[in-house]
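The structure is shown first, and the description follows.

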Amino acid sequence: MQHTVIAIDGPAASGKSSVSRELAQRLGYVYVNTGAMYRAVTWHALQLAVDPSDASAIEHLLETTSLECGVSDGRSCFLVNGVDPNEALVSPPVNAAVSKIASQPVVRRRLVDLQRGCAELFPTVVEGRDIGTVVFPGTPHKFYIDASPEVRAARRAGQGLHDPVVQRDAMDSARQDSPLMIARDAVVIDSSNLSVGEVVSDVLKQLQGKGITAKVQ
Ligand code: CDP
């Protein structure tokens with residue numbers, strides 16, 4: 001059975017994770033963070049000193065690695081050889097290498113299969129870069145959350161994390177396979193001057209017009 005998928009795309013630190021998490025909770029849907037999956041594969045490659053730019057080494061790595069996507073507490077969890085990397089997902093080395101790993105088609109194929117599998121089981125809010133364009137192009141519920149580069153840099157710095165967001169965005173937008181782009185039929189929301197709650201309200205208002213209502217007010 002095909003469940004409802006709400007696709008939330010956007011550049012780094014645009015606020016889409018906070019919005020997606022709250023939106024999923026309000027709707028009673030499962031929150032799927034696809035960025036965490038690319039980060040987990042990156043963490044694993046770095047642990048084994050595999051070069052993120054070496055396509056055949058990455059392919060071999062994936063052939064010998066178990067990747068599992070599950071759900072716990074209303075959100076996706078992702079295990080690499082049975083391990084959840086947790087805080088290591090946002091470490092500086094992972095921030096620096098993730099866009100390279102995410103540009104590898106072999107990685108994308110494997111993770112997109114898992115993302116689609118998760119959405120077969122539950123109604124989901126799925127957050128990423130290519131959700132509305134590639135992973136679920138057929139969903140009628142697509143949002144692209146943006147914010148000015150200054151606001152995004154300030155948000156990430158406020159989290160105390162070293163993260164080259166400008167370089168990541170440039171790589172994510174320029175790659176051949178599934179680049180970051182706005183789906184033709186996505187609703188674009190500029191969150192630069194909006195709180196998370198305001199963006200969520202805006203999204204919920206649009207969904208209500210299509211017969212999807214919040215379970216939690
Ligand atoms: O939290 P933030 O927006 O900074 O990043 P993220 O969603 O955790 O994604 C980390 C990286 O994973 C991105 O910079 C992309 O390179 C990659 N990614 C992707 O290629 N496709 C997705 N659907 C999600 C993330």
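## Terms and basis

A residue is called buried under 20% relative accessible area, exposed over 50% and partly exposed in between, with a 1.4 Å probe and protein chains only. The model is a predicted one, in which local features need pLDDT of at least 70 and side-chain atom pairs count only at pLDDT 80 or more, while totals for chains, interfaces and linings use all residues. Residues are numbered from 1 along each chain as its sequence is written, and side-chain values use heavy atoms, with hydrogens and water left out.

## Cysteines

Cys69 is partly exposed, at a relative accessible area of 24%. Its sulfur lies 4.1 Å from the closest cysteine sulfur, that of Cys118, which is too far for a bond, given that a disulfide is a pair of cysteine sulfur atoms within 2.5 Å. Cys77 is likewise in no disulfide, the nearest cysteine sulfur being that of Cys69 at 6.9 Å, and Cys77 is partly exposed with a relative accessible area of 24%. A search of the whole structure finds zero disulfides.

## Nonpolar cores

A nonpolar core is a set of buried Ala, Val, Leu, Ile, Met, Phe, Trp, Tyr and Cys residues joined through side-chain atoms within 4.5 Å. The largest one holds 33 residues, and those with the most contacts inside it are Val41, Phe78, Val107 and Leu111. Among the elements that give two or more residues to this core are strand 1 (5-9), strand 4 (75-80), helix 2 (34-47) and helix 5 (105-121), where helices (H or I, at least four residues) and strands (E, at least two) are DSSP runs numbered from the N terminus. Helix 2 supplies the largest share of the core, seven residues.

Not counting residues up to four places away in sequence, Val41 touches Leu62, Leu67, Phe78, Ile101, Val107 and Leu111, contact meaning heavy atoms within 4.5 Å. A second, separate core of 19 residues includes Ala24, Tyr31, Val203 and Leu207.

His44 lies in helix 2 and is buried, with a relative accessible area of 10%. Leaving aside neighbours within four places in sequence, His44 is in contact with Leu61, Thr65, Val80 and Asn81.

Ser191 is found in the loop between strand 7 (187-190) and helix 9 (196-208), and counts as buried at 2% relative accessibility.

## Pocket and cavity

On a 1 Å grid over the protein atoms alone, a cavity is a set of points where a 1.4 Å probe fits but cannot get out, a pocket is an open set with protein on both sides within 12 Å along at least five of seven lines, and lining residues have an atom within 4 Å of a point. Grid points are joined across faces, edges and corners, and a volume is the space filled by probe spheres set on the points. The largest pocket has a volume of about 1,200 Å³; of the 49 residues that line this pocket, Ser17, Tyr31, Asn33, Arg39 and Glu127 are the closest to its centre. Helix 2 gives the largest share of the pocket lining, six residues.

A search of the whole structure finds one cavity of 30 Å³ or more. The lining of the largest cavity consists of Asp9, Gly132, Lys142, Phe143, Tyr144, Met181, Ala183 and Ala186, and strand 6 (residues 142-146) gives the most to this lining, with three residues.
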